Amino acid sequence: MSKALHEKAMKALSTVIEPELGRDIVTLDMVRDLTIENGVANFTIVLTTPACPLKGVFIRECERVLLPIDGIDHVNIKWDANVPRGLHGNLDMPLQNIIAVGSGKGGVGKSTVATNLAVSLAEQGARVGLMDADILGPNIPTMVGLGFAKPHVIGGEGENDQPKMVPFEAYGVKVMSMGFLADPNTPMIWRGPMLHGAIRQFFTDVAWGELDYMVVDLPPGTGDAALSLAQSVPLTGAVIVTQPQEVALEDARRAIGMFNKLNVPVLGVVENMAGEVYGQGGGEKLAETRNLPFLGRVPLQGVVREGGDAGKPVVISDPDSDAGKAFYALAQNVAARISVVAMANANVIPLNIIG
Ligand SMILES: Nc1ncnc2c1ncn2[C@@H]1O[C@H](COP(=O)(O)OP(=O)(O)OP(=O)(O)O)[C@@H](O)[C@H]1O
Ligand SMILES: [Mg+2]
């Protein structure tokens with residue numbers, strides 16, 4: 001391979017812009033191991049998320065700039081991903097991103113969104129955890145088809161070896177919930193400090209391993225759980241779930257206010273259950289007026305509830321349904337926002353391109 005040809009190709013690739021991050025792919029160090037043999041340009045593009053919706057764009061753009069070069073008549077791209085850390089603060093655990101899913105209002109679909117988001121990210125190749133921070137009303141075990149079963153405990157042998165619970169796994173996602181630990185039919189009386197302790201322990205006492213994304217499902221309300229979470233670990237940001245109608249939007253506004261107060265960046269707004277019953281467009285409008293990204297609209301569809309009840313999220317049970325496709329796109333949008341936030345934190349891109 002001639003050095004001149006290699007340089008020419010790299011120069012051409014440095015005109016390909018990553019549209020989310022607004023910088024070229026060479027400056028962003030996304031191009032690796034370029035070789036040109038017998039007219040074939042082989043290289044790897046390292047994405048900031050495996051859930052990247054832009055692969056088609058990169059293929060087209062790289063071909064557009066490389067194929068006119070003398071000595072290149074074929075482009076062969078391999079894909080890899082390295083999810084950057086987007087946490088708003090330091091954390092001594094191998095969790096790259098922690099995302100809270102909240103709403104203010106009850107029953108708008110937080111747990112459903114959290115579950116389908118987590119499973120969708122895992123389906124696309126990311127290492128994902130799903131933490132049920134709804135200590136009093138855990139629904140995640142049912143939604144991913146796991147019952148009331150005590151997790152294994154490992155470690156605890158030596159003095160410095162703290163015992164840890166092994167999370168269960170469903171659809172490639174590591175899951176932890178109070179639903180595994182306490183019989184759901186026996187209500188327990190919890191005091192505030194105990195709830196706080198439980199959320200904290202879900203980080204410190206669980207063997208999560210290395211994760212690209214930890215999705216945290218919050219209980220309804222603008223209160224204790226979000227505060228405990230924000231006090232226990234730094235977060236990448238919060239995803240706000242709302243229904244399209246005004247009363248849900250009011251609560252969503254309060255939730256945005258609460259995350260602002262807690263210094264947790266809001267990654268954007270999801271409108272769930274759009275359709276004839278609740279209308280549509282309210283979530284998008286809310287995002288617009290608050291200058292927040294609109295992350296997606298999920299229609300009200302029977303398959304979503306059936307999937308939740310059956311323990312098979314709709315992105316698995318019916319991925320080609322409108323709701324299934326909407327959740328998939330939502331996951332890609334959330335991953336893209338996280339990449340932008342993370343790259344801005346690392347000063348790789350300027351802050352002002354964040355919406
Ligand atoms: N897009 C949708 N289409 C149809 N049904 C949905 C949709 N989203 C959620 N549901 C259903 O609505 C119900 C409430 O959803 P979910 O439990 O996810 O809400 P939540 O906000 O987590 O509630 P809570 O505030 O009690 O934690 C569930 O039965 C769920 O299956
Ligand atoms: Mg819930």
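Visitor: Which residues in H3 meet which residues in H11?
Guide: Asn116, Leu117, Ser120 and Leu121 in H3 meet Phe327, Tyr328, Leu330, Ala331, Val334 and Ala335 in H11. Contact here means that the C-beta atoms of two residues, placed from the backbone, lie within 7 Å. Helices (H or I, at least four residues) and strands (E, at least two) are DSSP runs, numbered from the N terminus.

Visitor: How do the residues of that contact divide by type?
Guide: Eight are nonpolar, two polar and none charged. Ala, Val, Leu, Ile, Met, Phe, Trp, Tyr, Cys and Pro count as nonpolar, Asp, Glu, Lys and Arg as charged, and the others, Gly among them, as polar.

Visitor: At what angle do H3 and H11 pack?
Guide: H3 (residues 110-123) and H11 (residues 322-345) pack at about 75 degrees, and their axes are 9 Å apart. That makes H3 roughly perpendicular to H11. Under 35 degrees counts as roughly parallel, over 145 as roughly antiparallel, 65 to 115 as roughly perpendicular and the rest as oblique. Axes are lines fitted to C-alpha atoms, for helices over the stretch in contact, and angles run from 0 to 180 degrees between N-to-C directions.

Visitor: Where do the model and the numbering come from?
Guide: This is a predicted model, in which local features need pLDDT of at least 70 and side-chain atom pairs count only at pLDDT 80 or more, while totals for chains, interfaces and linings use all residues. Residues are numbered from 1 along each chain as its sequence is written, and chains are lettered from A and ligands numbered from 1 in the order in which they are written.

Visitor: New topic. What is the order of the three-strand sheet?
Guide: The order is S3-S4-S5, in an open sheet with mixed pairing. Strands pair if DSSP finds at least two bridges between them. S3 (31-37) and S5 (74-81) are the edge strands, each pairing on one side only. The twist averages 15 degrees from one strand to the next.

Visitor: How many bridges join S3 to S4?
Guide: Five, and the two strands run antiparallel. Thr35 stands opposite Asn42 in S4. S3 and S4 form a hairpin with two residues between them, and Asn38 in the turn has a positive phi of about 50 degrees.

Visitor: In what sense do S4 and S5 pair?
Guide: S4 (residues 40-47) and S5 pair in the parallel sense over eight bridges. Phe43 has Ile77 in S5 as its bridge partner.

Visitor: What packs on that sheet?
Guide: H1 (residues 3-13) touches S3 and S4, its direction making about 135 degrees with that of S3. H2 (residues 55-66) also packs on the sheet, touching S4 and S5, at about 145 degrees to the direction of S5.

Visitor: And the eight-strand sheet, what order does that have?
Guide: S10-S11-S7-S12-S6-S13-S14-S15, again open and with mixed pairing. S10 (168-170) and S15 (294-299) are its edge strands. Its twist averages 25 degrees from one strand to the next. Within it, S6 (residues 98-102) and S12 (residues 213-217) pair in the parallel sense over four bridges, and Val101 has Asp217 in S12 as its bridge partner.

Visitor: Which residues come nearest to ligand 1?
Guide: Gly106, Gly109, Ser111, Thr112 and Pro220, of the 22 residues around ligand 1. A residue is near a molecule if its C-beta atom, placed from the backbone, lies within 6 Å of it. H3, S14 (266-274) and H9 (302-310) are the elements that give two or more residues to the shell. Its residues divide into eight nonpolar, 11 polar and three charged.
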